[in-house]
Amino acid sequence: MQPGDRVRVDRGDVTNEGVLLPSTTRDHLVVKLDGGYNVGIDRDAADVEVLESGARDVDDAGDAAGEASEITFDDDLPTVALISTGGTIASTVDYRTGAVTARFDAEDVLRAVPDLAGRANYRGRVVANILSENMEPDIWRDLAEAVREEVEAGADGVVVMHGTDTMQFSASALAFVLDVSVPIVFTGSQRSADRPSSDNVMNAVCAVEAAKADHAETLVCMHASPSDDVCALHRGTRVRKNHTSRRDAFETVGAEPLGLVDYEAATEAGADGDVAEEAITWNRDPAPRGGEDGEEDEGADPAIAADLEPEVELAKFTPGMDPAAWDYLEGKAGVVIEGTGLGHVHTDLIPRVESLVEGGTVVVMTSQCLEGRVCDRVYDTGRDLLDAGVIEAGDTLPGTAKVKLMWALANLDDSAAAMRRDLAGELTEESRPWR
């Protein structure tokens, strides 16, 4: 039997039929079922019957011939840098365990998503090859430096392939660390490429089109609905993953997404390298490509301030919690509290907060509520917290506030004032509805 043969595999009382695929191990058979899923089967425990030889042309670059895309360069096409950090969009199945494992580099993503061919010239590089729960500030620095280098080398836009679980943190980090005149678009997938319901192709195509468009935002590009119709463009400092597994898991908190990408229009318009501007609808005006005046300066170096203060924690208050749970906060450079409602904690914790402030810790208050802003002037507890030295972060999301404080402590003289000021679209400075 050879890859491409249609086979029936009996293993105990379980029978599977499908097309035999190349396997990364000698111990396992990999079979693509008719429903689209791949299964891994212990070779020694399987009884295999070949039903049809050469049912499909299969090679090692993908599941079937024709699914691998050639990386070509055309002077008439824009250049998009693809930077991989791992995650489900750049993953495969480990058939030894059945689990999804991050293992593809950026070139593998191109081969896995042939729909990207012809839309741009691509440069690929790997910053990390991890699942996103293993993301760390040191990797944010490496990622920011990689983006800066790609922009300096002439990239017209950057797409960052990233796991979805911590994508919002990384997008926030780059929004504060970098000042570039081209788009930076994060994308990923909720479901791996071997699943029929995978969202990797649509998210990747829409992200590339967003990276070619006329703006200079740091965005997250993911499904806007459960269907394969529209991707949402979320500002990196205002986005939150609100569902564990839905394809439209990401939402802009407190507003509509910054923009939308129509997948069908993007597929048709961008296939010849044109910028699919007609496929993108902006709900609010994005930052213009090229800077505040919209004029691109080819000689301008991207600004980077990649220092981050590592000794910053995000602490959640819950009713009935043991005050000793906050003992680990002593001596930290900064603490972001995720309080209740308008920004409250139990009154018994206020002396502990005051002690932190007196010890030199910058303490910032955010809210567990998904929408609205902190205002500690309404109730006695809030006023006592202000007297203890707490800084209100307005409607900044708690995770974004942590990243912002890490950056502000390392780069600004007055980090407390910075937490009250909008730096990268993370904070509505006035109490007014989002447009």
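Buried means under 20% relative accessible area, exposed means over 50%, and partly exposed lies in between (1.4 Å probe, protein chains only). Aspartate 5 has 6% relative accessibility, so aspartate 5 counts as buried.

This is a predicted model, in which local features need pLDDT of at least 70, side-chain atom pairs count only at pLDDT 80 or more, and totals for chains, interfaces and linings use all residues. Residues are numbered from 1 along each chain as its sequence is written, and side-chain values use heavy atoms, with hydrogens and water left out.

**Aspartate 5**

Aspartate 5 sits in the segment before strand S1 (6-11). Strands (E, at least two residues) and helices (H or I, at least four) are DSSP runs, numbered from the N terminus. Beyond its neighbours within four places in sequence, aspartate 5 is in contact with residues including Gly18, Val50 and Ala55. Contact means heavy atoms within 4.5 Å. The aspartate 5 side chain also makes polar contacts, tabulated here.

**Helices H2 and H3**

H2 (residues 137-152) packs on H3 (residues 167-177) at about 55°, with axes 10 Å apart. Axes are lines fitted to C-alpha atoms, for helices over the stretch in contact, and angles run from 0 to 180 degrees between N-to-C directions. Trp140, Leu143, Ala144 and Val147 in H2 meet Phe169, Ser170, Ala173, Leu174 and Val177 in H3.

Note on methods
A polar contact is a pair of N or O atoms within 3.5 Å; within protein, one must be able to donate a hydrogen and the other to accept it, and residues adjacent in sequence count only if both atoms are side-chain atoms.
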